[in-house]
Amino acid sequence: MSKKVTIIGSGFSSLSSACYLAKAGFDVSIYEKNTTAGGRARQLKRDGFTFDMGPSWYWMPDIFDKFFADFDKKTSDYYKLDKLSPAYKIFFSDDVITIGDSLDKISAEFERIEAGSSKHLKKFISQAQENYSIAIDKVVLRPGLSPFELITKETILKVDQFFKTISSEVRKKFKNPKLISTLEFPVLFLGAKPSKTPSFYNFMNFADFGLGTWHPKGGMYEVIKAMLNLSKELGVQIHTDSSIEKINVTDGKTVGVEINGQLIVSDIVLSGADYHHSESLLDKKYRQYSESYWSKKTFAPSSLLFYIGFNKKLKNIEHHNLFFDTDFEKHAEEIYDVPKWPTDPLFYANFPSITDKSMSPEGCETAFFLVPIAPDLEDTPELRQQYFDLIMARFQKRTDQQVEENILFKESFCVGDFIEEYNSYKGNAYGMANTLSQTAFLRPKLKSKKVKNLFFTGQLTVPGPGVPPALISGKLVSELIIKASNS
Ligand SMILES: Cc1cc2nc3c(=O)[nH]c(=O)nc-3n(C[C@H](O)[C@H](O)[C@H](O)COP(=O)(O)OP(=O)(O)OC[C@H]3O[C@@H](n4cnc5c(N)ncnc54)[C@H](O)[C@@H]3O)c2cc1C
(Lines give C-alpha, C1' and ligand atoms only; values in the text may rest on other atoms or scores of the structure.)
Protein backbone atom coordinates (compact mmCIF):
# COMPACT_ATOMS: atom_id res chain seq x y z
CA MET A 1 0.00 0.00 0.00
CA SER A 2 1.23 3.54 -0.76
CA LYS A 3 2.63 5.53 2.12
CA LYS A 4 0.32 8.31 3.23
CA VAL A 5 1.83 11.82 3.20
CA THR A 6 -0.02 14.69 4.83
CA ILE A 7 1.06 18.14 3.66
CA ILE A 8 0.26 21.25 5.70
CA GLY A 9 -0.48 24.32 3.54
CA SER A 10 -1.00 24.83 -0.16
CA GLY A 11 1.60 27.45 -1.12
CA PHE A 12 3.99 26.98 -4.04
CA SER A 13 6.36 24.78 -2.03
CA SER A 14 3.61 22.48 -0.78
CA LEU A 15 2.11 22.12 -4.25
CA SER A 16 5.50 21.43 -5.76
CA SER A 17 6.32 18.70 -3.22
CA ALA A 18 2.82 17.23 -3.56
CA CYS A 19 3.35 16.78 -7.31
CA TYR A 20 6.77 15.13 -6.92
CA LEU A 21 5.57 12.82 -4.13
CA ALA A 22 2.40 11.80 -5.94
CA LYS A 23 4.47 11.05 -9.04
CA ALA A 24 6.72 8.84 -6.89
CA GLY A 25 3.67 6.82 -5.81
CA PHE A 26 2.81 8.32 -2.40
CA ASP A 27 -0.77 8.84 -1.31
CA VAL A 28 -0.73 12.64 -0.87
CA SER A 29 -3.26 14.92 0.85
CA ILE A 30 -2.93 18.66 1.32
CA TYR A 31 -4.65 20.50 4.19
CA GLU A 32 -4.95 24.28 3.77
CA LYS A 33 -6.35 26.54 6.49
CA ASN A 34 -7.75 29.12 4.06
CA THR A 35 -10.76 28.80 1.76
CA THR A 36 -8.61 28.94 -1.36
CA ALA A 37 -5.26 27.36 -2.17
CA GLY A 38 -2.07 29.19 -3.11
CA GLY A 39 -0.85 30.61 0.19
CA ARG A 40 0.77 34.00 -0.20
CA ALA A 41 0.08 33.77 -3.92
CA ARG A 42 -3.70 33.75 -3.50
CA GLN A 43 -5.93 35.79 -5.75
CA LEU A 44 -8.51 38.42 -4.91
CA LYS A 45 -11.40 38.95 -7.34
CA ARG A 46 -13.80 41.82 -6.91
CA ASP A 47 -16.29 43.52 -9.28
CA GLY A 48 -14.51 42.26 -12.40
CA PHE A 49 -11.02 43.19 -11.10
CA THR A 50 -8.40 40.46 -10.53
CA PHE A 51 -5.52 40.93 -8.08
CA ASP A 52 -2.56 38.71 -7.33
CA MET A 53 -2.36 39.16 -3.58
CA GLY A 54 1.36 38.34 -3.30
CA PRO A 55 3.89 37.57 -6.03
CA SER A 56 3.59 39.49 -9.26
CA TRP A 57 7.10 39.31 -10.77
CA TYR A 58 7.51 36.14 -12.84
CA TRP A 59 11.31 35.83 -12.92
CA MET A 60 13.56 32.86 -13.77
CA PRO A 61 11.20 31.28 -16.32
CA ASP A 62 13.66 28.40 -16.69
CA ILE A 63 12.83 27.20 -13.15
CA PHE A 64 9.11 27.02 -13.97
CA ASP A 65 9.94 25.24 -17.26
CA LYS A 66 12.08 22.70 -15.40
CA PHE A 67 9.36 22.09 -12.83
CA PHE A 68 6.73 21.26 -15.46
CA ALA A 69 9.25 19.31 -17.57
CA ASP A 70 9.78 16.98 -14.58
CA PHE A 71 6.18 15.87 -15.23
CA ASP A 72 6.57 15.78 -19.03
CA LYS A 73 4.57 19.00 -19.26
CA LYS A 74 5.19 22.51 -20.49
CA THR A 75 4.06 25.79 -18.94
CA SER A 76 2.13 26.37 -22.18
CA ASP A 77 0.02 23.29 -21.39
CA TYR A 78 -1.44 25.37 -18.55
CA TYR A 79 -0.89 29.11 -19.11
CA LYS A 80 0.26 31.66 -21.67
CA LEU A 81 3.39 33.65 -20.89
CA ASP A 82 4.30 37.07 -22.27
CA LYS A 83 7.66 38.77 -21.90
CA LEU A 84 7.00 42.30 -20.69
CA SER A 85 8.40 45.13 -22.76
CA PRO A 86 9.47 47.26 -21.06
CA ALA A 87 10.08 45.05 -18.07
CA TYR A 88 9.52 47.89 -15.59
CA LYS A 89 9.99 51.53 -14.85
CA ILE A 90 11.77 53.19 -11.90
CA PHE A 91 10.67 56.64 -10.80
CA PHE A 92 13.33 58.78 -9.16
CA SER A 93 12.75 62.32 -7.88
CA ASP A 94 14.31 63.86 -11.00
CA ASP A 95 14.17 61.17 -13.69
CA VAL A 96 12.55 57.92 -14.79
CA ILE A 97 14.62 54.87 -15.79
CA THR A 98 12.99 52.39 -18.13
CA ILE A 99 14.25 48.81 -18.04
CA GLY A 100 13.76 47.37 -21.50
CA ASP A 101 13.38 43.74 -22.52
CA SER A 102 16.97 43.29 -23.76
CA LEU A 103 20.44 44.00 -22.44
CA ASP A 104 21.09 46.30 -25.40
CA LYS A 105 18.11 48.49 -24.54
CA ILE A 106 19.07 48.53 -20.85
CA SER A 107 22.69 49.36 -21.73
CA ALA A 108 21.53 52.35 -23.77
CA GLU A 109 19.49 53.55 -20.81
CA PHE A 110 22.52 53.14 -18.49
CA GLU A 111 24.67 55.09 -20.93
CA ARG A 112 22.11 57.92 -20.94
CA ILE A 113 22.50 58.21 -17.16
CA GLU A 114 26.26 57.62 -16.82
CA ALA A 115 28.64 57.78 -19.76
CA GLY A 116 30.75 54.63 -20.01
CA SER A 117 28.48 52.60 -17.71
CA SER A 118 27.20 50.25 -20.42
CA LYS A 119 30.62 48.61 -20.75
CA HIS A 120 30.67 47.90 -16.99
CA LEU A 121 27.08 46.72 -17.12
CA LYS A 122 27.76 44.14 -19.82
CA LYS A 123 30.72 42.77 -17.86
CA PHE A 124 28.72 42.74 -14.62
CA ILE A 125 25.82 40.86 -16.24
CA SER A 126 28.14 38.38 -17.91
CA GLN A 127 29.64 37.56 -14.50
CA ALA A 128 26.11 37.43 -13.03
CA GLN A 129 25.19 34.93 -15.76
CA GLU A 130 28.09 32.68 -14.75
CA ASN A 131 26.92 32.84 -11.13
CA TYR A 132 23.36 32.08 -12.23
CA SER A 133 24.46 28.85 -13.91
CA ILE A 134 26.52 27.83 -10.88
CA ALA A 135 23.73 28.74 -8.44
CA ILE A 136 20.93 27.05 -10.34
CA ASP A 137 22.78 24.01 -11.68
CA LYS A 138 25.21 23.28 -8.85
CA VAL A 139 24.27 24.93 -5.56
CA VAL A 140 20.55 25.53 -5.20
CA LEU A 141 19.57 21.94 -5.93
CA ARG A 142 21.28 20.69 -2.77
CA PRO A 143 19.25 20.04 0.38
CA GLY A 144 21.31 22.13 2.82
CA LEU A 145 22.50 19.14 4.85
CA SER A 146 26.18 20.02 5.00
CA PRO A 147 28.61 22.90 4.29
CA PHE A 148 30.37 20.67 1.76
CA GLU A 149 27.41 21.07 -0.57
CA LEU A 150 28.56 24.62 -1.23
CA ILE A 151 32.01 23.48 -2.21
CA THR A 152 32.20 22.74 -5.90
CA LYS A 153 35.07 23.39 -8.28
CA GLU A 154 33.09 26.39 -9.55
CA THR A 155 32.30 27.93 -6.15
CA ILE A 156 35.90 27.49 -4.93
CA LEU A 157 36.97 29.87 -7.66
CA LYS A 158 34.35 32.37 -6.49
CA VAL A 159 34.79 32.07 -2.76
CA ASP A 160 35.67 35.77 -2.42
CA GLN A 161 32.20 36.61 -3.75
CA PHE A 162 30.63 35.06 -0.64
CA PHE A 163 32.51 37.56 1.54
CA LYS A 164 32.04 40.73 -0.52
CA THR A 165 28.61 42.33 -0.72
CA ILE A 166 26.46 43.29 -3.68
CA SER A 167 26.54 46.86 -2.42
CA SER A 168 30.31 47.18 -2.43
CA GLU A 169 30.68 45.47 -5.82
CA VAL A 170 28.08 47.63 -7.52
CA ARG A 171 29.62 50.79 -6.07
CA LYS A 172 33.04 49.88 -7.46
CA LYS A 173 31.73 49.97 -11.00
CA PHE A 174 28.89 52.48 -10.99
CA LYS A 175 28.88 55.97 -9.52
CA ASN A 176 25.41 57.27 -10.31
CA PRO A 177 23.10 56.64 -7.29
CA LYS A 178 20.15 55.85 -9.58
CA LEU A 179 22.09 53.10 -11.37
CA ILE A 180 23.30 51.79 -8.01
CA SER A 181 19.70 51.52 -6.73
CA THR A 182 18.63 49.91 -10.01
CA LEU A 183 21.28 47.22 -9.65
CA GLU A 184 20.60 46.70 -5.95
CA PHE A 185 16.86 46.22 -6.50
CA PRO A 186 16.87 42.51 -7.59
CA VAL A 187 18.54 41.25 -4.43
CA LEU A 188 15.74 42.78 -2.37
CA PHE A 189 13.82 39.64 -3.43
CA LEU A 190 16.21 37.68 -1.22
CA GLY A 191 14.91 39.59 1.75
CA ALA A 192 17.99 41.39 3.10
CA LYS A 193 19.82 44.68 2.60
CA PRO A 194 22.17 44.69 -0.41
CA SER A 195 24.96 45.61 2.04
CA LYS A 196 24.32 42.27 3.82
CA THR A 197 23.90 40.14 0.69
CA PRO A 198 26.95 38.33 -0.73
CA SER A 199 27.98 39.54 -4.17
CA PHE A 200 27.65 35.97 -5.49
CA TYR A 201 23.92 36.67 -5.39
CA ASN A 202 24.30 39.05 -8.31
CA PHE A 203 22.82 36.11 -10.24
CA MET A 204 19.55 37.92 -9.45
CA ASN A 205 20.78 40.70 -11.76
CA PHE A 206 21.05 38.15 -14.55
CA ALA A 207 17.53 36.94 -13.73
CA ASP A 208 16.42 40.57 -14.09
CA PHE A 209 18.35 41.94 -17.10
CA GLY A 210 19.31 38.64 -18.75
CA LEU A 211 16.17 36.50 -18.48
CA GLY A 212 13.60 39.27 -18.26
CA THR A 213 10.25 39.85 -16.60
CA TRP A 214 7.30 37.71 -17.71
CA HIS A 215 3.57 37.74 -17.12
CA PRO A 216 1.26 34.72 -17.15
CA LYS A 217 -1.97 35.83 -18.82
CA GLY A 218 -4.57 36.09 -16.08
CA GLY A 219 -1.90 36.74 -13.42
CA MET A 220 0.49 34.75 -11.22
CA TYR A 221 -2.43 32.80 -9.82
CA GLU A 222 -2.54 30.97 -13.18
CA VAL A 223 0.64 29.21 -12.04
CA ILE A 224 -1.06 28.11 -8.81
CA LYS A 225 -4.03 26.89 -10.87
CA ALA A 226 -1.64 25.01 -13.16
CA MET A 227 -0.01 23.29 -10.19
CA LEU A 228 -3.38 22.49 -8.64
CA ASN A 229 -4.47 20.90 -11.91
CA LEU A 230 -1.23 18.98 -12.24
CA SER A 231 -1.42 17.77 -8.64
CA LYS A 232 -5.01 16.60 -9.16
CA GLU A 233 -4.00 14.82 -12.37
CA LEU A 234 -1.39 13.03 -10.23
CA GLY A 235 -4.01 12.05 -7.64
CA VAL A 236 -3.34 14.58 -4.85
CA GLN A 237 -6.31 15.27 -2.55
CA ILE A 238 -6.74 18.92 -1.57
CA HIS A 239 -8.73 19.98 1.49
CA THR A 240 -9.29 23.70 2.07
CA ASP A 241 -10.76 25.33 5.21
CA SER A 242 -8.69 22.76 7.09
CA SER A 243 -6.43 24.27 9.71
CA ILE A 244 -4.03 21.77 11.24
CA GLU A 245 -3.98 22.19 15.02
CA LYS A 246 -1.33 19.70 16.06
CA ILE A 247 1.36 17.41 14.72
CA ASN A 248 1.10 14.22 16.78
CA VAL A 249 4.23 12.35 17.78
CA THR A 250 4.56 8.96 19.44
CA ASP A 251 7.96 7.59 20.43
CA GLY A 252 9.80 10.23 18.39
CA LYS A 253 7.86 9.46 15.22
CA THR A 254 5.00 11.45 13.76
CA VAL A 255 1.75 9.53 13.52
CA GLY A 256 -0.29 12.25 11.85
CA VAL A 257 -1.95 15.62 12.36
CA GLU A 258 -5.04 16.82 14.14
CA ILE A 259 -7.98 18.84 12.84
CA ASN A 260 -10.89 19.58 15.19
CA GLY A 261 -9.43 17.06 17.61
CA GLN A 262 -9.55 14.29 14.95
CA LEU A 263 -6.33 12.48 14.07
CA ILE A 264 -5.50 12.16 10.39
CA VAL A 265 -3.25 9.14 10.43
CA SER A 266 -0.15 9.65 8.27
CA ASP A 267 3.11 7.85 7.60
CA ILE A 268 4.87 11.12 6.80
CA VAL A 269 4.02 14.73 7.66
CA LEU A 270 5.41 17.58 5.58
CA SER A 271 4.72 21.18 6.55
CA GLY A 272 4.83 23.97 3.96
CA ALA A 273 3.42 26.44 6.50
CA ASP A 274 5.87 28.96 8.02
CA TYR A 275 8.51 26.90 9.83
CA HIS A 276 8.13 28.68 13.16
CA HIS A 277 4.36 28.04 13.15
CA SER A 278 4.85 24.42 12.05
CA GLU A 279 7.09 23.74 15.02
CA SER A 280 4.55 25.39 17.33
CA LEU A 281 2.19 22.52 16.37
CA LEU A 282 4.57 20.10 18.13
CA ASP A 283 4.98 19.48 21.83
CA LYS A 284 7.90 21.63 23.04
CA LYS A 285 10.34 18.76 23.40
CA TYR A 286 10.04 17.96 19.71
CA ARG A 287 10.85 21.51 18.49
CA GLN A 288 14.33 21.96 17.04
CA TYR A 289 14.55 25.75 17.19
CA SER A 290 13.89 27.91 20.26
CA GLU A 291 12.09 31.27 20.33
CA SER A 292 15.46 32.90 20.85
CA TYR A 293 16.80 31.20 17.69
CA TRP A 294 13.98 32.69 15.62
CA SER A 295 14.19 36.11 17.24
CA LYS A 296 17.86 36.43 16.24
CA LYS A 297 17.23 35.66 12.57
CA THR A 298 16.98 38.30 9.85
CA PHE A 299 13.51 38.05 8.39
CA ALA A 300 12.47 39.35 5.00
CA PRO A 301 10.25 42.42 5.28
CA SER A 302 6.56 42.47 5.86
CA SER A 303 4.46 44.64 3.54
CA LEU A 304 1.63 47.09 3.57
CA LEU A 305 -0.46 46.30 0.49
CA PHE A 306 -3.37 48.04 -1.19
CA TYR A 307 -5.54 46.39 -3.86
CA ILE A 308 -7.39 49.10 -5.76
CA GLY A 309 -9.95 49.19 -8.57
CA PHE A 310 -9.76 52.43 -10.60
CA ASN A 311 -12.66 53.46 -12.84
CA LYS A 312 -10.36 54.84 -15.56
CA LYS A 313 -7.16 53.98 -17.37
CA LEU A 314 -4.09 55.55 -15.78
CA LYS A 315 -1.23 57.19 -17.69
CA ASN A 316 2.59 57.36 -17.52
CA ILE A 317 2.90 53.95 -15.89
CA GLU A 318 3.90 50.42 -16.92
CA HIS A 319 2.84 46.99 -15.69
CA HIS A 320 5.55 47.12 -12.94
CA ASN A 321 6.68 50.43 -11.40
CA LEU A 322 9.17 51.14 -8.63
CA PHE A 323 9.02 54.44 -6.79
CA PHE A 324 12.62 55.02 -5.70
CA ASP A 325 12.13 58.75 -5.32
CA THR A 326 13.17 58.78 -1.66
CA ASP A 327 16.22 57.63 0.28
CA PHE A 328 16.83 53.88 -0.35
CA GLU A 329 19.37 53.57 2.51
CA LYS A 330 17.16 55.24 5.09
CA HIS A 331 14.19 53.04 4.21
CA ALA A 332 16.39 49.92 4.43
CA GLU A 333 17.64 51.05 7.86
CA GLU A 334 14.05 51.47 9.02
CA ILE A 335 13.29 47.91 7.91
CA TYR A 336 16.38 46.13 9.25
CA ASP A 337 18.43 48.22 11.69
CA VAL A 338 15.96 50.36 13.65
CA PRO A 339 12.62 48.72 12.75
CA LYS A 340 9.83 51.30 12.62
CA TRP A 341 7.21 52.63 10.26
CA PRO A 342 9.31 54.23 7.50
CA THR A 343 9.67 57.99 7.35
CA ASP A 344 9.49 58.26 3.58
CA PRO A 345 9.23 54.78 2.05
CA LEU A 346 10.05 53.47 -1.38
CA PHE A 347 7.11 51.62 -2.85
CA TYR A 348 6.09 49.37 -5.74
CA ALA A 349 2.98 49.74 -7.91
CA ASN A 350 1.63 47.00 -10.15
CA PHE A 351 -0.92 47.55 -12.93
CA PRO A 352 -1.38 44.19 -14.66
CA SER A 353 -4.32 45.52 -16.68
CA ILE A 354 -1.85 47.69 -18.64
CA THR A 355 -0.72 44.57 -20.54
CA ASP A 356 -3.49 42.09 -19.75
CA LYS A 357 -7.07 43.13 -20.45
CA SER A 358 -8.43 40.12 -18.58
CA MET A 359 -7.33 41.66 -15.25
CA SER A 360 -9.87 44.54 -15.12
CA PRO A 361 -13.23 45.64 -16.58
CA GLU A 362 -12.92 47.62 -19.80
CA GLY A 363 -11.68 51.20 -19.34
CA CYS A 364 -10.57 50.45 -15.77
CA GLU A 365 -7.24 49.74 -14.08
CA THR A 366 -6.34 47.06 -11.56
CA ALA A 367 -3.69 48.32 -9.14
CA PHE A 368 -1.71 46.88 -6.31
CA PHE A 369 0.63 49.03 -4.20
CA LEU A 370 3.27 47.53 -1.91
CA VAL A 371 5.27 49.29 0.79
CA PRO A 372 7.99 47.06 2.32
CA ILE A 373 8.07 47.46 6.11
CA ALA A 374 9.77 45.75 9.04
CA PRO A 375 7.98 42.67 10.39
CA ASP A 376 6.26 42.87 13.77
CA LEU A 377 5.24 46.54 13.51
CA GLU A 378 2.07 47.88 15.07
CA ASP A 379 -0.70 47.57 12.47
CA THR A 380 -3.77 49.82 12.76
CA PRO A 381 -6.36 51.14 10.26
CA GLU A 382 -5.09 54.68 10.99
CA LEU A 383 -1.49 53.80 10.13
CA ARG A 384 -2.59 52.05 6.93
CA GLN A 385 -4.58 55.14 5.90
CA GLN A 386 -1.71 57.48 6.76
CA TYR A 387 0.62 55.54 4.44
CA PHE A 388 -2.03 55.25 1.77
CA ASP A 389 -2.35 59.05 1.70
CA LEU A 390 1.41 59.43 1.60
CA ILE A 391 2.03 57.08 -1.33
CA MET A 392 -1.02 58.31 -3.27
CA ALA A 393 0.26 61.89 -3.08
CA ARG A 394 3.68 60.77 -4.35
CA PHE A 395 2.18 58.55 -7.03
CA GLN A 396 0.03 61.38 -8.37
CA LYS A 397 2.94 63.82 -8.37
CA ARG A 398 5.42 61.50 -10.07
CA THR A 399 3.00 60.28 -12.70
CA ASP A 400 1.44 63.69 -13.18
CA GLN A 401 -2.23 62.78 -12.78
CA GLN A 402 -5.08 62.86 -10.26
CA VAL A 403 -6.45 59.42 -9.47
CA GLU A 404 -7.81 59.46 -5.94
CA GLU A 405 -11.30 60.39 -7.06
CA ASN A 406 -11.31 57.47 -9.48
CA ILE A 407 -11.00 54.79 -6.83
CA LEU A 408 -13.97 52.41 -6.93
CA PHE A 409 -12.74 50.41 -3.94
CA LYS A 410 -9.56 49.71 -2.04
CA GLU A 411 -8.63 46.81 0.22
CA SER A 412 -5.55 46.64 2.38
CA PHE A 413 -3.39 43.84 3.80
CA CYS A 414 -0.61 44.21 6.36
CA VAL A 415 1.28 42.64 9.30
CA GLY A 416 -1.89 41.58 11.16
CA ASP A 417 -3.29 39.86 8.06
CA PHE A 418 -0.06 37.97 7.36
CA ILE A 419 -0.25 36.57 10.89
CA GLU A 420 -3.99 35.88 10.79
CA GLU A 421 -4.16 34.46 7.26
CA TYR A 422 -0.89 32.55 6.99
CA ASN A 423 0.36 32.04 10.58
CA SER A 424 3.36 34.08 9.52
CA TYR A 425 6.15 34.66 12.06
CA LYS A 426 5.91 38.33 13.10
CA GLY A 427 3.89 38.98 9.93
CA ASN A 428 6.82 38.49 7.55
CA ALA A 429 5.75 38.65 3.91
CA TYR A 430 8.35 36.44 2.33
CA GLY A 431 10.19 34.37 4.83
CA MET A 432 13.71 34.35 6.15
CA ALA A 433 16.29 36.46 4.35
CA ASN A 434 19.19 34.91 2.44
CA THR A 435 22.22 36.47 4.13
CA LEU A 436 25.62 34.76 4.34
CA SER A 437 24.83 33.36 7.80
CA GLN A 438 21.38 32.23 6.66
CA THR A 439 22.32 30.45 3.47
CA ALA A 440 22.06 26.77 2.48
CA PHE A 441 23.12 24.48 5.36
CA LEU A 442 22.76 27.42 7.80
CA ARG A 443 18.98 27.63 7.24
CA PRO A 444 16.33 25.67 9.18
CA LYS A 445 16.47 22.09 7.95
CA LEU A 446 14.13 20.31 5.53
CA LYS A 447 14.07 17.24 7.78
CA SER A 448 13.36 17.33 11.48
CA LYS A 449 16.28 16.26 13.65
CA LYS A 450 13.91 15.36 16.50
CA VAL A 451 10.91 13.72 14.90
CA LYS A 452 11.19 10.83 12.49
CA ASN A 453 9.15 11.21 9.31
CA LEU A 454 8.55 14.94 9.81
CA PHE A 455 9.71 17.31 7.07
CA PHE A 456 9.49 21.02 6.23
CA THR A 457 9.47 23.02 3.03
CA GLY A 458 8.96 26.65 1.99
CA GLN A 459 10.49 30.05 2.19
CA LEU A 460 11.90 29.73 5.73
CA THR A 461 14.00 26.72 4.79
CA VAL A 462 16.15 25.84 1.77
CA PRO A 463 16.79 27.56 -0.61
CA GLY A 464 14.88 30.69 0.51
CA PRO A 465 12.26 33.31 -0.36
CA GLY A 466 10.52 33.69 -3.73
CA VAL A 467 8.39 31.58 -6.03
CA PRO A 468 11.22 29.83 -7.97
CA PRO A 469 12.96 28.84 -4.69
CA ALA A 470 9.60 27.55 -3.37
CA LEU A 471 9.32 25.26 -6.42
CA ILE A 472 12.86 24.04 -5.76
CA SER A 473 12.22 23.62 -2.02
CA GLY A 474 9.31 21.29 -2.81
CA LYS A 475 11.51 19.24 -5.10
CA LEU A 476 14.38 19.01 -2.58
CA VAL A 477 12.19 17.89 0.30
CA SER A 478 10.39 15.31 -1.82
CA GLU A 479 13.78 13.84 -2.80
CA LEU A 480 14.67 13.54 0.91
CA ILE A 481 11.32 11.89 1.66
CA ILE A 482 11.71 9.42 -1.19
CA LYS A 483 15.24 8.59 -0.06
CA ALA A 484 14.17 8.19 3.59
CA SER A 485 11.30 5.91 2.56
CA ASN A 486 13.60 3.67 0.54
CA SER A 487 16.18 3.30 3.30
C1 LIG B 1 3.31 40.68 -1.08
C2 LIG B 1 4.27 39.66 -1.61
C3 LIG B 1 4.90 39.87 -2.82
C4 LIG B 1 5.76 38.91 -3.33
N5 LIG B 1 6.31 39.11 -4.57
C6 LIG B 1 7.00 38.12 -5.15
C7 LIG B 1 7.33 38.19 -6.53
O8 LIG B 1 6.95 39.15 -7.20
N9 LIG B 1 8.02 37.16 -7.09
C10 LIG B 1 8.40 36.06 -6.34
O11 LIG B 1 9.03 35.14 -6.90
N12 LIG B 1 8.07 35.95 -5.04
C13 LIG B 1 7.37 36.94 -4.44
N14 LIG B 1 6.95 36.81 -3.14
C15 LIG B 1 7.39 35.65 -2.36
C16 LIG B 1 6.58 34.40 -2.69
O17 LIG B 1 5.23 34.70 -2.83
C18 LIG B 1 6.76 33.39 -1.58
O19 LIG B 1 8.15 33.17 -1.33
C20 LIG B 1 6.10 32.04 -1.86
O21 LIG B 1 4.81 32.19 -2.41
C22 LIG B 1 6.05 31.25 -0.56
O23 LIG B 1 5.49 30.01 -0.75
P24 LIG B 1 5.49 28.95 0.43
O25 LIG B 1 4.94 27.71 -0.12
O26 LIG B 1 6.81 28.91 1.09
O27 LIG B 1 4.54 29.57 1.58
P28 LIG B 1 2.97 30.15 1.64
O29 LIG B 1 2.63 30.63 0.30
O30 LIG B 1 2.98 31.05 2.75
O31 LIG B 1 2.18 28.84 1.95
C32 LIG B 1 2.00 28.38 3.27
C33 LIG B 1 0.56 27.93 3.41
O34 LIG B 1 0.38 27.27 4.67
C35 LIG B 1 -0.92 27.59 5.13
N36 LIG B 1 -0.99 27.31 6.57
C37 LIG B 1 -0.39 27.98 7.58
N38 LIG B 1 -0.68 27.40 8.76
C39 LIG B 1 -1.49 26.34 8.50
C40 LIG B 1 -2.13 25.36 9.30
N41 LIG B 1 -1.97 25.32 10.64
N42 LIG B 1 -2.92 24.44 8.70
C43 LIG B 1 -3.10 24.44 7.36
N44 LIG B 1 -2.51 25.35 6.54
C45 LIG B 1 -1.71 26.29 7.11
C46 LIG B 1 -1.05 29.05 4.79
O47 LIG B 1 -2.40 29.47 4.82
C48 LIG B 1 -0.45 29.07 3.38
O49 LIG B 1 -1.42 28.79 2.42
C50 LIG B 1 6.05 37.74 -2.60
C51 LIG B 1 5.41 37.53 -1.37
C52 LIG B 1 4.52 38.47 -0.89
C53 LIG B 1 3.81 38.19 0.39
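Modeller: The axis of a helix is a line fitted to its C-alpha atoms over the stretch in contact, and the angle between two axes runs from 0 to 180 degrees between their N-to-C directions. Please keep in mind throughout that we are reading a predicted model.

Colleague: How should I read the packing of two helices, and at what angle do H1 and H15 pack?

Modeller: Two packed helices are described by the angle between their axes and by the distance between those axes. Here H1, residues 12–23, and H15, residues 467–486, pack at an angle of about 40°, and their axes lie 7 Å apart. Angles under 35 degrees count as roughly parallel, and the angle between H1 and H15 therefore makes H1 oblique to H15. The crossing of H1 past H15 is right-handed.

Colleague: Which residues in H1 and H15 meet?

Modeller: On the H1 side they include Phe-12, Leu-15, Tyr-20 and Leu-21, and among their counterparts in H15 are Val-467, Leu-471, Lys-475 and Ile-481. By class, this contact of H1 with H15 has nine nonpolar, seven polar and one charged residues.

Colleague: At what angle do H1 and H9 pack, and how far apart are their axes?

Modeller: H1 and H9, the latter spanning residues 221–233, pack at about 25°, with 9 Å between their axes, which makes H1 roughly parallel to H9. The crossing of H1 and H9 is left-handed. Leu-15, Ser-16, Ala-18, Cys-19 and Ala-22 in H1 meet Met-227, Leu-228, Leu-230 and Ser-231 in H9, and by class this contact has seven nonpolar, two polar and no charged residues.

Colleague: Turning to the ligand, which residues come nearest to it?

Modeller: Of the 37 residues around the ligand, the nearest are Gly-9, Gly-11, Gly-39, Pro-55 and Gly-458. By class, the shell has 16 nonpolar, 18 polar and three charged residues.

Colleague: Which helices and strands each supply at least two residues of that shell?

Modeller: Helices H1 and H15 do, as does strand E14, residues 302–310, and H1 gives the largest share, three residues.

Colleague: Which domains does the assignment give the protein chain, and from which of them does the shell draw at least three residues each?

Modeller: The assignment gives domain 1 as 4–42 + 219–297 + 432–486, domain 2 as 102–211, and domain 3 as 302–373 + 380–413. The ligand shell draws at least three residues from each of domain 1 and domain 3. The C-alpha centres of domain 2 and domain 3 lie 27 Å apart.

Key
Residues are numbered from 1 along each chain as its sequence is written. This is a predicted model: local features need pLDDT of at least 70, side-chain atom pairs count only at pLDDT 80 or more; totals for chains, interfaces and linings use all residues. Domain bounds come from an automatic or database domain assignment. A residue is near a molecule or strand if its C-beta atom, placed from the backbone, lies within 6 Å of it. Helices (H or I, at least four residues) and strands (E, at least two) are DSSP runs, numbered from the N terminus. Ala, Val, Leu, Ile, Met, Phe, Trp, Tyr, Cys and Pro count as nonpolar, Asp, Glu, Lys and Arg as charged, and the others, Gly among them, as polar. Angles under 35 degrees count as roughly parallel, over 145 as roughly antiparallel, 65 to 115 as roughly perpendicular and the rest as oblique. A crossing is left-handed if the near helix is turned anticlockwise from the far one by less than a right angle, and right-handed if clockwise. Two residues are in contact if their C-beta atoms, placed from the backbone, lie within 7 Å.
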